[in-house]
Amino acid sequence: MTDCDKKVEQDLVEHLKPLFPDFVFMGEEMMSNESTFNPEHHDKLVVIDPIDGTYNFAHGIGVFGVMLAIRINKQTVFSMLYDPINDDWVWAQKGHGCYWQNSDGERRDLVIGEKEGDYGFISPFLFDEDQTKPLMALMQDYKRTISFGCSCHEYRGLLFGAGNFYLTQRKIKPWDHYAGLLAITEAGGYAAYLDGESADTFVTGKNLLVTTSYDKWQYLSRHMQTIL
């Protein structure tokens, strides 16, 4: 965590509060010392990751972003994944699709296409020790696996065609995923926990598999389940 994380989160909360006066706010920094907060216990929630990819940001690597999700009745209804370097953003509205837009006013629909082969986003260093060795063996079966060290850009990577799956560690956080999950599903992709449980409800302690289609999820999960 950096001072910039805290300042960006404070600024976002300050500007968003008037727009969502009766919502509970959940940010990565404000939750850093809060272990009992459960997002599923709140019907109106704003979820913020002020700088996703803090390690990259702190070391001068330009792969980081800002993630925002608006949840009503335990469903994400709007999300945004912002790239401050390119000054563009992906946004999605439940039932109304997913879009890319930039500060010049350009905009286009995002619809995920299927990519041949298995190109994935995996960050082995985030996995529990008991999964690390099996995971490294598993990765050899795929065409390419990389890590951006930033959930924002790994979700954007799926949307832009750089990969067709994203496998997470067990210890995931809601601010890293609520926004991206809505964007993926609105663009035609599919996500569920590796045991098949729906990704609509946040669960920690399970690997999350995000893919470009339901068929791809079925194909990949069968093999992953036998190893992880």
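1. K74, at 35% relative accessibility, counts as partly exposed, a class that lies between buried (under 20% relative accessible area) and exposed (over 50%), as found with a 1.4 Å probe and protein chains only. The side chain of K74 meets that of D43 in a salt bridge, with 2.9 Å from N to O; the term stands for a side-chain nitrogen of Lys or Arg within 4 Å of a carboxyl oxygen of Asp or Glu. Because K74 lies in the loop between strand 3 (65-72) and strand 4 (75-83), and D43 in the loop between strand 1 and strand 2, the pair ties together parts that are 31 residues apart in sequence. D43 is likewise partly exposed, at 40% relative accessibility.

2. A word on the basis of these values: the model is predicted, so that local features need pLDDT of at least 70 and side-chain atom pairs count only at pLDDT 80 or more, while totals for chains, interfaces and linings use all residues. Residues are numbered from 1 along each chain as its sequence is written, and side-chain values use heavy atoms, with hydrogens and water left out.

3. D22 sits in the loop between helix 1 (3-16) and strand 1 (24-27), whereas K44 belongs to strand 2 (residues 44-52), so the pair ties together parts that are 22 residues apart in sequence. D22 is partly exposed at 47% relative accessibility, and K44 is partly exposed at 34%.

4. E197 and K206 also meet through their side chains in a salt bridge, at 2.3 Å from N to O. E197 is partly exposed, with a relative accessible area of 31%, and K206 is partly exposed too, with 23%. Elsewhere, salt bridges that share partners join D128, D130, R170 and K171 into one network. The count for the protein comes to eleven salt bridges.

5. D176 deserves a separate look, since this residue is buried yet has no salt bridge, the nearest side chain of opposite charge being K173, 7.9 Å away; here Lys and Arg count as positive and Asp and Glu as negative, with His and the chain ends not counted. D176 is placed in the loop between strand 10 (165-167) and helix 5 (178-186). Apart from its neighbours within four places in sequence, D176 is in contact (heavy atoms within 4.5 Å) with D49, D52, M67, S151 and Y155.

6. After helix 5 comes G188, which has a positive phi, near 105 degrees.

7. For the whole protein, there are six helices and twelve strands, where helices (H or I, at least four residues) and strands (E, at least two) are DSSP runs numbered from the N terminus. The radius of gyration is 17 Å, close to the 17 Å that the globule rule gives for 228 residues, so the protein is as compact as a globular protein of that length; the radius is taken over C-alpha atoms, and the rule is 2.2 Å times the number of residues to the power 0.38. Buried residues make up 50% of the 228 residues. Among contacts between residues at least 6 apart in sequence, 58% join residues at least 24 apart.
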